[in-house]
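Here's a quick briefing to read alongside the structure. Take a look at the model first, then work through the points below.

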Amino acid sequence: SLPKSKDKNYYKIDLNEKELASRAGLSRETVSREITKLKKDNIIITQSRSIGIPNIEKLEDLLNTQPTD
C-alpha cells in the first residue's frame, strides 16, 4: 500500500491509462505495458489512481540511460 500523501514521492493521478496515453500521444496498450515493467522492476507502486516512486534514484538512473532518439 502507498504511504500517506505527505510523502513527496507519491502522487495522486486523476487519469486512467487511456487518458494518460492520450495525453502522452501513446496507445493505452503501450502505457499499460510500461507501467507493468516499472512495477515489476520495483520502480513504481500503484494503487487506484495513485502512483508511488519509492526509489527516485532508480527512476532517475533509468531515465538517464534511455536513448534520446
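Predicted model: local features only at pLDDT ≥ 70, side-chain atom pairs only at ≥ 80, totals over all residues.

Residues are numbered from 1 along each chain as its sequence is written, and side-chain values use heavy atoms, with hydrogens and water left out.

**Helix pair**
- Helix H1 (residues 17–24) packs against helix H2 (residues 28–40) at an angle of about 105 degrees, with their axes 8 Å apart.
- That makes H1 roughly perpendicular to H2 (65 to 115 degrees counts as such).
- On the H1 side, Glu-17, Lys-18, Leu-20 and Ala-21 meet Arg-28, Val-31, Ser-32 and Ile-35 of H2 (contact means heavy atoms within 4.5 Å).

**Salt bridges**
- The structure holds 3 salt bridges (a side-chain nitrogen of Lys or Arg within 4 Å of a carboxyl oxygen of Asp or Glu).
- Arg-28 pairs with Glu-17, the closest N and O atoms being 3.6 Å apart, and this links helix H2 to helix H1.
- Arg-28 also forms a salt bridge with Glu-29, at 3.8 Å between the closest N and O atoms.
- Lys-37 and Glu-34 meet in a salt bridge too (3.2 Å, N to O), and both lie in helix H2, 3 residues apart.

**A strand residue**
- Gln-47 sits in strand E2 (residues 45–47).
- At 41% relative accessibility, Gln-47 counts as partly exposed (buried is under 20%, exposed over 50%, partly exposed in between, with a 1.4 Å probe and protein chains only).

How values were computed: Axes fitted to C-alpha atoms, helices over the stretch in contact; angles between N-to-C directions. Helix = DSSP H or I, 4+ residues; strand = E, 2+ residues; numbered from the N terminus. Parallel < 35°, antiparallel > 145°, perpendicular 65-115°, else oblique.
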